[in-house]
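Welcome! Here is a short tour for anyone meeting this structure for the first time. Take a look at the model, then read on.

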Amino acid sequence: MGQSIEQKLQQAESSLQDLQQKVVTHEATIAELKTQISERDGTISERDERIQTLEKDAAGHAKASDELRDQITAANANAERLKARISQLEGEAKSAEIRAAEICASVGVDPVKVTPAASTPPSTARERWAQTFNK
């Protein structure tokens, strides 16, 4: 009949101890894997937060870029309006110059083109103008 009950019991106890040791080893492995998963979850959460921060930053930069683009467009439009106004004022100045020449001619005075220097104060320009016509 082979083995006695005691021998079978000893084999069962030995197998039980082996299984218990394997359970302990597997539980340790499971605990280690859970720790690694937890660490990776933490890393993933940190990366998710970083991605969200970067996305917010990108959105902020895009908004600032759009605002700057709008400001540039407005500045260009303003520059065009100013160019048109300068052109209009030059035309008016030319018309005034022609009219002044006509007035000078009608009263018998030689027309003189008075162009004060850019740094000449207005009072000096008026004085020059007055001196030109009071000769």
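## Salt bridges along a helix

The side chains of Glu 102 and Arg 99 come together in a salt bridge, with 3.6 Å from N to O. A salt bridge here is a side-chain nitrogen of Lys or Arg within 4 Å of a carboxyl oxygen of Asp or Glu. Both Glu 102 and Arg 99 belong to helix α1, where they sit 3 residues apart, about one turn of the helix. Glu 102 counts as partly exposed, at 43% relative accessibility; in these terms, buried means under 20% relative accessible area, exposed over 50%, and partly exposed in between (1.4 Å probe, protein chains only).

A word on the background: this is a predicted model, in which local features need pLDDT of at least 70 and side-chain atom pairs count only at pLDDT 80 or more, while totals for chains, interfaces and linings use all residues. Residues are numbered from 1 along each chain as its sequence is written, and side-chain values use heavy atoms, leaving out hydrogens and water.

Asp 66 and Arg 69 are about one helical turn from each other, because they are 3 residues apart in helix α1. Asp 66 is partly exposed at 41% relative accessibility, and Arg 69 is partly exposed at 47%. Glu 97 and Lys 94 are also in helix α1, 3 residues apart and about one turn of the helix from each other. Glu 97 has a relative accessible area of 33%, making it partly exposed, and Lys 94 is partly exposed at 48%.

Now for the helix itself. Helix α1 runs over residues 5–106, a total of 102 residues. From its first C-alpha to its last, α1 reaches 147 Å, close to the expected 152 Å; the expected span is 1.5 Å times one less than the number of residues. Just after α1, Gly 108 takes a positive phi of about 80°.

Finally, the whole protein: it has 2 helices and 0 strands, taken as DSSP runs numbered from the N terminus (helices H or I, at least four residues; strands E, at least two). Of its 135 residues, 3% count as buried.
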